[in-house]
Amino acid sequence: MSYPIIFKEQMSEQVFALRVRAPQIAAGALPGQFAILRINEGGERFPLTLADWSAGEGWIFLVFQVVGKSTFTLSKLQVGDELKDVVGPLGLPSEIEKYGRVLCVGGGVGIAALYPIARALKATGNRVDSIIGARSQELLILEKEMEDVSTSLAIMTDDGSKGAKGLVTWALEEELKGEGADLVLAIGPAIMMKFASAVTAPFKVPTRVSLNSIMLDGTGMCGTCRVEVCGKTRFACVEGPEFDGNEVDWNLLLNRLGQYKQEEAVSYEQARSGCCRE
Amino acid sequence: MEKKKTLKKERIPMREQDPQERKSNFDEVACGYNLEEGMAEADRCLECKKQPCVAGCPVEVDIPGFIKRVKEGDLRAAIMAIKDKNDLPAICGRVCPQEDQCEKFCTLGKKGSPVAIGRLERLAADAEVAMGELSLPEIAPPTGKKVVVIGSGPASLTCAGDLARLGHEVTILEALHAPGGVLVYGIPEFRLPKAIVNREVEYVTRLGVKIQYDQVVGRTVRLQDLLANGYDAGFIGIGAGLPWFMDIPGENLNGVYSANEYLTRSNLMKAYLFPEYDTPLKRGQRVAVVGGGNVALDSARTALRLGAEEVFLVYRRSRDEMPARAEEIHHAVEEGVQFKFLTLPTIIEGKDGMVTGMECLRMELGEPDESGRRRPVPVEHSEFKIACDLVVMAIGTSANPLLTCTMPELKLNRRGYIEVDEVGETSIPGIYAGGDIVTGSATVIEAMGAGKKAARAIHRRLAGEDKEL
Ligand SMILES: Cc1cc2nc3c(=O)[nH]c(=O)nc-3n(C[C@H](O)[C@H](O)[C@H](O)COP(=O)(O)OP(=O)(O)OC[C@H]3O[C@@H](n4cnc5c(N)ncnc54)[C@H](O)[C@@H]3O)c2cc1C
Ligand SMILES: Cc1cc2nc3c(=O)[nH]c(=O)nc-3n(C[C@H](O)[C@H](O)[C@H](O)COP(=O)(O)OP(=O)(O)OC[C@H]3O[C@@H](n4cnc5c(N)ncnc54)[C@H](O)[C@@H]3O)c2cc1C
Ligand code: SF4
Ligand code: SF4
Ligand code: FES
């Protein structure tokens, strides 16, 4: 099996998008699911959300931010290059029902994961009011796409270069104080999801988040991805990635995400210097 | 005229890497017999008419037959005799618990040590490498029937290989990116080199079996759909890969691993070669491994090789109850693994999110439990601490529901394992199962035996014959 890249786009300085041929995954994909990639023989296995797909044309769409060796290496690949392994669709799909008013909150590259879920929620007849944010205008992705699948779209940037100045969690709080919501879906960096959950807690609104714990096999075999929800250990790759944000032990997740900081720095440095030699 | 033989009571020893040297490399511990040693060992075999040893081998290797060839120095004939029944002899010769299988029934065992059947099997299988590509057995003409096999562990490889020989078109679907199941992700290089696994898997593919990777059945494809779309029968050999934790405080601290994760990172992902390979793995200085089986020993010995200064094996019963093979325990002791018997961890302690130690209780042995072993009971007020910076939980695994929960019609037992009848067929006609997903964690050779049995039944079914034949 081979997984050629058929389209590549640089969305911002650190964010790239790829369309990869993977007909089997495209055929079964549902919103909220992810794939696990292995770029080359010595590569690690790492997860990326399915940001879009076409069963008819047999491709999946991945959006990723360069944060370390694997994403750096991936960003250097070109159309025509092949990935060694792409496994999926993994994880439980997002529950798509008619809830009423849904607030979809996306931060950074998390907007890519939010997009297909928002689209499905809208198609199911929900009123989807979205709030997306990034550090600055250049880093904001999928604005047009989110606009298409939302009843309304609010934009927040840390520096005010686009939309309102501030954090998505502020806008979320304003919405909850105002009209309220039947469901909040928050996807972004763990720290953003943590604060979004803290914001929704007093309003008692069901809050779904998508956890990005470190993963290895993605099939429930290793336990790398374990998180604590409601005081119980859960394997995010098979029992998630979506959980109730108000039941997640965020500090544990944040701690576990930092497990390999030292090693990752070594890897990243090696990848960058290797690249300059070429 | 046959010359009268004197019984040689003791087996020929096998050369091993020196413990002090080997504990810091991933090369194989046991070096294997050379031809001369093998012929001398084979010479001990009495070629018993009743072949009691064969009854102890789940895949029915013609033991006296192949040993006779070794005796004569004809390793090519020996390996052909073995491969008639066993496609994975270099693997079995290394990891079969022979003392509980074939060798347990060897006549010589009554008066001295049994014939070293496993070592001879390994010798013959390894000699094959030097001989170049082996000629294949006879393969029946194509039957036009298609079989799908889920997983590529020993149960699946055996089932697939046997069916391919019988002329069926067999496809293996494997979730990971490499074949072999526990043979590649679990059992470490120093006990079972991956080059050997790959060679034996390649032999199975030369028999005609196709292997597709990245196929998580239940997610990527559904077995029901495969059977509705062209496959005539299916075999499920997905192992029992769901790791257990103890459910004690601190278990999700950084530095606490399941043995599956620890070994998968090290073996399958080659983290011991980090950063040449990308996957990281924490290298502890003081590593505590919890458990008493082969998996615990493999984890402990891996930790040593990754540079740990001290490795503790923490087991709640005593040495006599350890389920691990005697040979592995012996190797671990030689390498310096420290055993903490009758010890039960109760809390994992940490600082800044990272493991710093374990609080434990001393145990004593009480009345025998369901397993027949004496039940460990905590001694009151016996709390004590073990300082460590890494903990590996090797306390067992159970059935992974990922596939089975997508098939509500599939009958499972209380613990989530698949129920099969005497020929290996599940509650869904045409779907068979075998190996750890049926029995719970067992052995390579038992999984292979189950694969063989199911292959026979599948063949009969596809040939339209009666199940009971
Ligand atoms: C279900 C899921 C979906 C995800 N979807 C996306 C996505 O759509 N786009 C995107 O940009 N990122 C996504 N991520 C995060 C992405 O997997 C990591 O950014 C990536 O693995 C980093 O690898 P690296 O080698 O480039 O960086 P590293 O230097 O290895 O790691 C940087 C950080 O990424 C995290 N990370 C490292 N290894 C893994 C791993 N094997 N699994 C998960 N996280 C890891 C850690 O927090 C680490 O500190 C997702 C994660 C999960 C669990
Ligand atoms: C560390 C360790 C050491 C061991 N040492 C020994 C030893 O020395 N001697 C011995 O005899 N036994 C040993 N065992 C036990 C032995 O390895 C197992 O009993 C044996 O491998 C079981 O074989 P299996 O074919 O049933 O499954 P496995 O070997 O577990 O293989 C199952 C395969 O199925 C795949 N799979 C799972 N789910 C899916 C899915 N949904 N879709 C597709 N594929 C799937 C898995 O990825 C895996 O490759 C050891 C086990 C471990 C963990
Ligand atoms: S396969 Fe295992 S049980 Fe059978 S003869 Fe060989 S070592 Fe013995
Ligand atoms: S029982 Fe022992 S001595 Fe007898 S044939 Fe088998 S291996 Fe040889
Ligand atoms: S990634 Fe291995 S169990 Fe979830």
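Colleague: Which residues are the ones around ligand 4?

Modeller: They are C45(B), L46(B), E47(B), C48(B), P52(B), C53(B), P64(B), C106(B), T107(B), V115(B) and I117(B), each counted as near the ligand because one of its heavy atoms lies within 4 Å of it. This is a predicted model, in which local features need pLDDT of at least 70 and side-chain atom pairs count only at pLDDT 80 or more, while totals for chains, interfaces and linings use all residues. Residues are numbered from 1 along each chain as its sequence is written, chains are lettered from A and ligands numbered from 1 in the order in which they are written, and side-chain values use heavy atoms, with hydrogens and water left out.

Colleague: What makes up the shell around ligand 4, by class?

Modeller: That shell has 9 nonpolar, 1 polar and 1 charged residues, where Ala, Val, Leu, Ile, Met, Phe, Trp, Tyr, Cys and Pro count as nonpolar, Asp, Glu, Lys and Arg as charged, and the others, Gly among them, as polar. The shell around ligand 3, which includes C57(B), I63(B), C92(B), I117(B) and I445(B), divides into 7 nonpolar, 3 polar and 1 charged.

Colleague: Which residues of the largest nonpolar core touch the most other members?

Modeller: Of its 80 residues, these are I63(B), F66(B), I67(B), I91(B) and I458(B), and the set is called a core because buried Ala, Val, Leu, Ile, Met, Phe, Trp, Tyr and Cys residues are joined through side-chain atoms within 4.5 Å. The largest share, 9 residues, comes from helix α17 (residues 444–462) of chain B, and at least three residues come from each of domain 1 (19–131) and domain 2 (146–241 + 399–463) of chain B. Another core, of 54 residues, lies apart from it and has V168(A), L211(A), V248(A) and L402(B) among its members.

Colleague: How do you know which residues of helix α5 of chain A line one face?

Modeller: The buried residues of α5 (residues 168–177) of chain A are V168(A), T169(A), A171(A), L172(A) and L176(A). Seen down the axis of α5(A), they fall within an arc of 160°, so they line one face of the helix. On the other side, E174(A) and K177(A) are exposed; buried means under 20% relative accessible area and exposed over 50%, with partly exposed in between (1.4 Å probe, protein chains only).

Colleague: What do the buried residues of α5(A) pack against?

Modeller: They pack against β9 (101–107), β10 (127–134), β11 (152–157), β13 (183–187) and α6 (190–200) of chain A, contact meaning heavy atoms within 4.5 Å. Helices (H or I, at least four residues) and strands (E, at least two) are DSSP runs, numbered from the N terminus.

Notes: The arc is that of the directions from the helix axis to the C-beta atoms. Domain bounds come from an automatic or database domain assignment.
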